[in-house]
Amino acid sequence: MRFVIQPLVNESIAHPVKHLVSGLCLCLASLCLTVPARAVEPEEPPEVPLPEEAPTPLEESLEVPQPAENVIEPGKMEALMEQNLGPEDDAQPDINLLPQDAIDIALQRNLGLAIVRYRPSISADGVIVAESEYDPVLSSAANASGRLSPQAASNLDGVAAGQQPQTTSQSGEFGIAQKLPTGGTLRASTGINRSTTNSNRTFLNPDYTSDARLDVRQPLLKNFGATVNLADIAKARLSLRQSRLEVRKEVLDVIAEAEIRYWSLAAARARKLLYDTNLTLSESLLDENKARERVGLATRLEVLQAEASLAARSEDVILAQQQVENSEDRLRTFLGDLDYDPQDALNVAPLPEINPPVPNFRDSVRSALAQDMDTQIQYEIIEKRRIDKQVAQNQTLPSLDLTAGVGLLGRDGEPTQSYENTYTGSGYAWNTGLELSFPWGMRAARAELNSTRLDIRREETRLAEIQQILLLNLREAWRAVVAGKERTATTRASLVLNEESFVRERARYDAGASTFRNVLEAQRDFDEAKIRHLDAMVDLIRATIRLSRLDGTILERHGFTWEEVDETTQRLPDQVEPLAVETLQNPSALPNPENG
């Protein structure tokens, strides 16, 4: 309640008389303010406008409100609005991090992106592993054996009476095998064998036999054809393409998130500035009420209300400072800073008040469906499942293999002559055959085929879900941009109106025509209008970023092309050294929020 000098006039006295007495009392109070003893001399109060002369809300939204003369820093909030809710140029610290700089640093050092960047190299190694199955395979073997019989069985053993038949053998072989895309295997080999005996019935001792062979095995039903046998290579190449798409997806997410975190820090700084301004205004109101209390123009209750308002504004400043530090920490972490000095502040650009164009929704849908990385990744997954189905379908056939071989033979008592006889002699060997096998009922193969069919249907359903979520997010982002533009304009008009309302309520209070509670309510409405406008600006920026991320235009917004981005991000990242054991054992070496 305000303390107002009440004249001793009965309520039945006419209304003009009451105004006359009240005016005399106000004049008496003004004379009291001229006493120099520890009194604060206020400026002359402005004239309070009559209600019928007040401008309309439309006029207030179009005109810059004129503050009263005795209001502390009357145009500060208006100046903040004109400067995009940022600090004044002469007080603004030098910007050491621009939005594009933050994006460039994130693309180079973000740890999440660095982890994903390993996938293409790992997948490329997987392609090599799959292709290596068709590399030629070299083989060699060497063997030695011997046999000593307890006794001769007959004269055919060719040993004298009392002697034991004895033979020794040494052999060596070298071969090369090649797997064919049709599923067959081709093998060429050559070898030599040396045998000796104590029998006198052999013509060659030692006896050298040599050969050169060509063998082939070709499946005719199961495991036949390039589609089946090259399936692992095809799937490995699809995995490589998928990993590259995953890197692109992560790149788009990093660009969007880096921009969002950057402007979140700018918004936190702007919010802190608004709360600082509110705190300064609350301090001025408290000082003025204390001065009024000393001269008897304000009650103790009004002083207490001003002190409570100041305490609430102080709490807002504390929480805003905490939010600034948290936002800066999140941005630093996203930029890959593992260890940093909290005193080295990031000075970002002031929050802009944007008015982005609204794209045609159908064009955004077409662009999003064509460039969405999740959709393209899912296409690669479906293609791998289709390959699995082709392989599983082939496995339901019985195994029928054709085997064939031909070889040249040589024999002599000398190793070199034995090899010459291999290619010049008339000895040869050949073989051919068919091998058939199949499990009874083929239940496992048929169940595997049915499983692959279900996998395809499941992945196609997942693709539909991805597209459904994409269109939902796209509609929400598009509406957010449209509503954000309207909301920003509305909150700006509300901010202007609430500032004018506060200025006029303050002038009425200084003139004795209003209560301090009304001033506090007007200040509260003014503070809420500032925060609503700031939130609207931030939400519009975030909505614009998310929309460009969804429709695939975010690269163009920042002047990137996929060729430039792939050149940097499709390679292995620089190795990141984790914190040393000494650092972990010494917590004082870690970033300390107390130093911020």
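Analyst: Helices are DSSP runs of H or I with at least four residues, strands are DSSP runs of E with at least two, and both are numbered from the N terminus. By that rule, the protein has 16 helices and 6 strands, and Ser243 has its place in helix H7. The model is a predicted one, in which local features need pLDDT of at least 70 and side-chain atom pairs count only at pLDDT 80 or more, while totals for chains, interfaces and linings use all residues. Residues are numbered from 1 along each chain as its sequence is written, and side-chain values use heavy atoms, with hydrogens and water left out.

User: Why does Ser243 count as buried?

Analyst: Buried means under 20% relative accessible area, exposed means over 50%, and partly exposed is what falls in between, with a 1.4 Å probe and protein chains only. Ser243 has 2% relative accessibility, and therefore it counts as buried. For the protein as a whole, 36% of the 596 residues count as buried.

User: What is Ser243 in contact with, apart from its neighbours within four places in sequence?

Analyst: Contact means heavy atoms within 4.5 Å, and with those neighbours left aside, Ser243 is in contact with Arg119, Pro120 and Ser123. A polar atom of the Ser243 side chain also lies 2.6 Å from the backbone oxygen of Leu240. A polar contact is a pair of N or O atoms within 3.5 Å; within protein, one must be able to donate a hydrogen and the other to accept it, and residues adjacent in sequence count only if both atoms are side-chain atoms.

User: Which residues touch the most other members of the largest nonpolar core, and which helix gives the most to this core?

Analyst: A nonpolar core is a set of buried Ala, Val, Leu, Ile, Met, Phe, Trp, Tyr and Cys residues joined through side-chain atoms within 4.5 Å. The largest one has 65 residues, and those that touch the most other members are Leu107, Val251, Ile255, Tyr262, Trp263, Leu331 and Leu351. Helix H7, residues 231–294, gives the most, with 22 residues. A second, separate core has 9 residues, among them Val365 and Leu547. Trp263, with its neighbours within four places in sequence left aside, is in contact with residues including Pro99, Leu351 and Ile545.

User: What puts the buried residues of helix H15 on the same side?

Analyst: In H15, residues 562–569, the buried residues are Trp562, Val565, Asp566 and Thr569. The arc is that of the directions from the helix axis to the C-beta atoms, and these residues cover only 100° around the axis, so they are on the same side of H15. On the other side of H15, Glu563 and Glu567 are exposed. The cover over the buried residues includes helix H4, helix H5, H7, helix H10 and helix H14.

User: Why do strands E1 and E6 stand at the edges of the sheet?

Analyst: Two strands pair if DSSP finds at least two bridges between them. The open sheet of 6 strands has the order E1-E2-E3-E4-E5-E6, with antiparallel pairing. E1 (137–148) and E6 (427–437) each have a single partner strand, so one side of each is left without a neighbour in the sheet.

User: How exposed is Asn223, and how does Met442 count?

Analyst: Asn223 has 31% relative accessibility, so it counts as partly exposed. Met442, which also has a positive phi, about 50°, although it is not a glycine, has 10% relative accessibility and therefore counts as buried.
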